[in-house]
Amino acid sequence: MEYNPFSLAGKTILVTGASSGIGQATALACAQMGANVVITGRDIDRLQATGNQLGASTKQIVADLTNQDDVNRLIAELPSLDGAVLCAGNSTTLPLQFGTREKFDVMFDINFFAPVELLRLMYKKKILNKGASVVLIASIGGTHSFMPGNGVYGASKAALNSVMKYAAREYASRKVRVNSICPGMVDTPLIHRGTITEEQLVEDAKRYPLGRYGKPQDIANGAIYLLSDASSWLTGHDLIIDGGFSI
């Protein structure tokens, strides 16, 4: 058999936010690397579309991770896992003077509290097998880049990145690894909602040393590395994938 340390054959991997963007690309990449994939998302139609690409054997669980009842149901339906990529999240561009408590609460609910609660329960209920790998999708926003209008979003991702490091220390006793990926701007449907004009996006992409925004597959490839045995001695690390923007 050809040696491939990045293979996920025989592993069962959960991917949240799998109905689009980074989550969808990651689910597809995991399947291509041989994993049994469990996908979850809020939108039943878009989740089904991802499931159709993955094949009939893929387990699909519709759940809103900001709803505790849905989280509890998801936990009850999950099989034992060898890995998880927690991609579900949202973004906003908002000057801090307009960052009310309500705006922060909304952003933290989906970007911080939802993945942290899911991670907590998966570990507490021993759904994560010994040697499992968890990947949190954070951001360079709030950790390595501090752009105007990014404070509410960046704060939620910075908090998530901090918890990742604590979880890595505490979960190491069961050999469960926890890392994060901190992407720069990635070309997903989230950035085409009209908050920033298409012309502004084109100009902004020019600031990246490699001359473009990331693609979902760029982040998915990083997740494959962190899920695989190739990274078996890596935990508590925030992997920056940003086309050189942070330098």
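Q: Why does Asp43 count as partly exposed?
A: Asp43 has 30% relative accessibility, and partly exposed is the class between buried (under 20% relative accessible area) and exposed (over 50%), with a 1.4 Å probe and protein chains only; therefore Asp43 is partly exposed. This is a predicted model, in which local features need pLDDT of at least 70 and side-chain atom pairs count only at pLDDT 80 or more, while totals for chains, interfaces and linings use all residues. Residues are numbered from 1 along each chain as its sequence is written, and side-chain values use heavy atoms, with hydrogens and water left out.

Q: What makes the contact of Lys165 and Asp238 a salt bridge?
A: Their side chains meet at 3.5 Å, N to O. A salt bridge is a side-chain nitrogen of Lys or Arg within 4 Å of a carboxyl oxygen of Asp or Glu, so the pair qualifies. Lys165 lies in helix α5 (residues 151-171) and Asp238 in strand β7, 73 residues apart. Helices (H or I, at least four residues) and strands (E, at least two) are DSSP runs, numbered from the N terminus.

Q: Why is Asp238 called buried?
A: Its relative accessible area is 15%, so Asp238 falls in the buried class.

Q: How do you know that β6 and strand β7 pair?
A: DSSP must find at least two bridges between two strands. β6 and β7 (residues 238-241) have 4, in the parallel sense, so they pair. Ser180 stands opposite Asp238 in β7.

Q: What makes strand β6 mostly covered?
A: In β6 (residues 177-183), 7 of 7 residues are buried. One side holds Arg177, Asn179, Ile181 and Pro183, and the other Val178, Ser180 and Cys182.
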